Amino acid sequence: MLRDFFIFLSDNAFARRLSLTAPGARTMSRRFVAGETIDDGLNAARDLVASGFFVSLDYLGESVRTRAEAVAAADTYITLLERIASDPDLREKVNVSLKLTQMGQDVRLSQREHEGGGGVDGVGRGGSRGGSSGVSSGGSGGGGGASGAAIAAENSASRSLWPRPPKHATPENRSDWDEEFLRGNVIRVLDVARGHDLFVRFDMEGTPHTQRTLDFFRYLWEKGYRNTGIVLQSYLRRSEHDATEANLLGARVRLCKGAYNEPEEHAFQPKAEVDRNFIDIMKRLLSDGNYPGIATHDPAMLRATREYSAGHELPPSGWEFQMLYGIARDLQNQLITEGYNLRVYVPFGEAWYPYLMRRMAERPANAMFVVNAVLRESPFRFLFGRKAH
Ligand SMILES: Cc1cc2nc3c(=O)[nH]c(=O)nc-3n(C[C@H](O)[C@H](O)[C@H](O)COP(=O)(O)OP(=O)(O)OC[C@H]3O[C@@H](n4cnc5c(N)ncnc54)[C@H](O)[C@@H]3O)c2cc1C
């Protein structure tokens, strides 16, 4: 019930506006979001790396509707990758995660005329912001694969590249989307990452995007972009099938439970079924996958993973745990002490609102933490007996 409410809020424009202007809003995001700038993200990454963690940096943003916003987001990722690559403390331990709807997955072909051009030609020329302008989008491209420009210029055929599951397929929903723009924009980021030998993970969003995201990933894979990976959600009925496909391909997978509201038709609803599927897929990935990321804070899932790994004598260096910044920090430290690889997903940026609402949906007790933080900055702070910080 509360979960549904917070997921509803995550997508609600009015609630978003209200929250962003509320006193203490920034403070409340800080427990789960590293800050608003690239420097904030890199500083958090530096601290974590110094304590033995791996990191995935996420520049917050999703569901962008214009090409200019999508181009600006890609530019920021390019700056971020250049900064990671130039820092010897970070380059071996830090990668990035991005959402395809932030890169333009929801931009429509029919929008072109309203924006005065766009498509591949628009990529890289407009919309830079926040110190990200002037960054070359070329990159060296590394070995293998066609050049970004050549690929982006290809006609985006509307066909399934990633095998659809025989049962439980999610919608394809591909009629009016500007796939060519998306490709051009993402390939700019991937070329820079590949030039520096850095890895880019595509986060997974709701089911309207599942098949498209997997197709998109497969397209890039076939073109030689191997510095990318996907996310599978154990609440989805199709994910076991997708895990098998990913293993056959040798693609890197992050396994998580899933953070969106999905209908019964596509997703298991009871936690017990989501957990059972998580464990089944975890086993497949650990045994047959390519350096999988097991992303959970659930003690039962952590235990099952450790037991399976130990029982099958799988070296802990062949996979990693992943957790979110600011969540279950005691568990995070414990896993590092025990010698496991653990990557912390560190979000930063101004667009923290939907991310924060999803974290509250997962654990409504987080809402109390947030309310507490807001009150500490409010006129009622005297109730806490010390000055707000
Ligand atoms: C690194 C990483 C990347 C992710 N990427 C994606 C993605 O691309 N797409 C997607 O849909 N989802 C993503 N998620 C979110 C994920 O799907 C879950 O919503 C989230 O991790 C909560 O599930 P859980 O496995 O931790 O267990 P749950 O069953 O939700 O919780 C088990 C226990 O974990 C602790 N816990 C869980 N969540 C929280 C929280 N927010 N605050 C405090 N304690 C908590 C609590 O003790 C809780 O009882 C990601 C999660 C991680 C860790």
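The legends below describe the whole chain and two close-up views of a predicted model.

**View 1. The protein chain as a whole, with 16 helices and 8 strands.** Helices (H or I, at least four residues) and strands (E, at least two) are DSSP runs numbered from the N terminus. Of the 389 residues, 53% count as buried, a word that here means under 20% relative accessible area with a 1.4 Å probe, protein chains only. Among contacts with a separation of 6 or more, 79% join residues 24 or more positions apart, where contact means heavy atoms within 4.5 Å.

**View 2. The crossing of helix α4 (residues 38-50) and helix α5 (residues 67-85).** The axes of these helices, which are lines fitted to C-alpha atoms over the stretch in contact, with angles from 0 to 180 degrees between N-to-C directions, come within 11 Å and cross at roughly 40 degrees. I38, D39 and L42 of α4 meet T76, T79, L80, R83 and I84 of α5.

View 3. E179 is buried, with a relative accessible area of 12%. The E179 side chain makes a polar contact with the side chain of R212 at 3.2 Å, a polar contact being a pair of N or O atoms within 3.5 Å, of which, within protein, one must be able to donate a hydrogen and the other to accept it, while residues adjacent in sequence count only if both atoms are side-chain atoms.

Residues are numbered from 1 along each chain as its sequence is written, and side-chain values use heavy atoms, without hydrogens and water. In this predicted model, local features need pLDDT of at least 70 and side-chain atom pairs count only at pLDDT 80 or more, whereas totals for chains, interfaces and linings use all residues.

Note on methods:
Buried means under 20% relative accessible area, exposed over 50%, partly exposed in between (1.4 Å probe, protein chains only).
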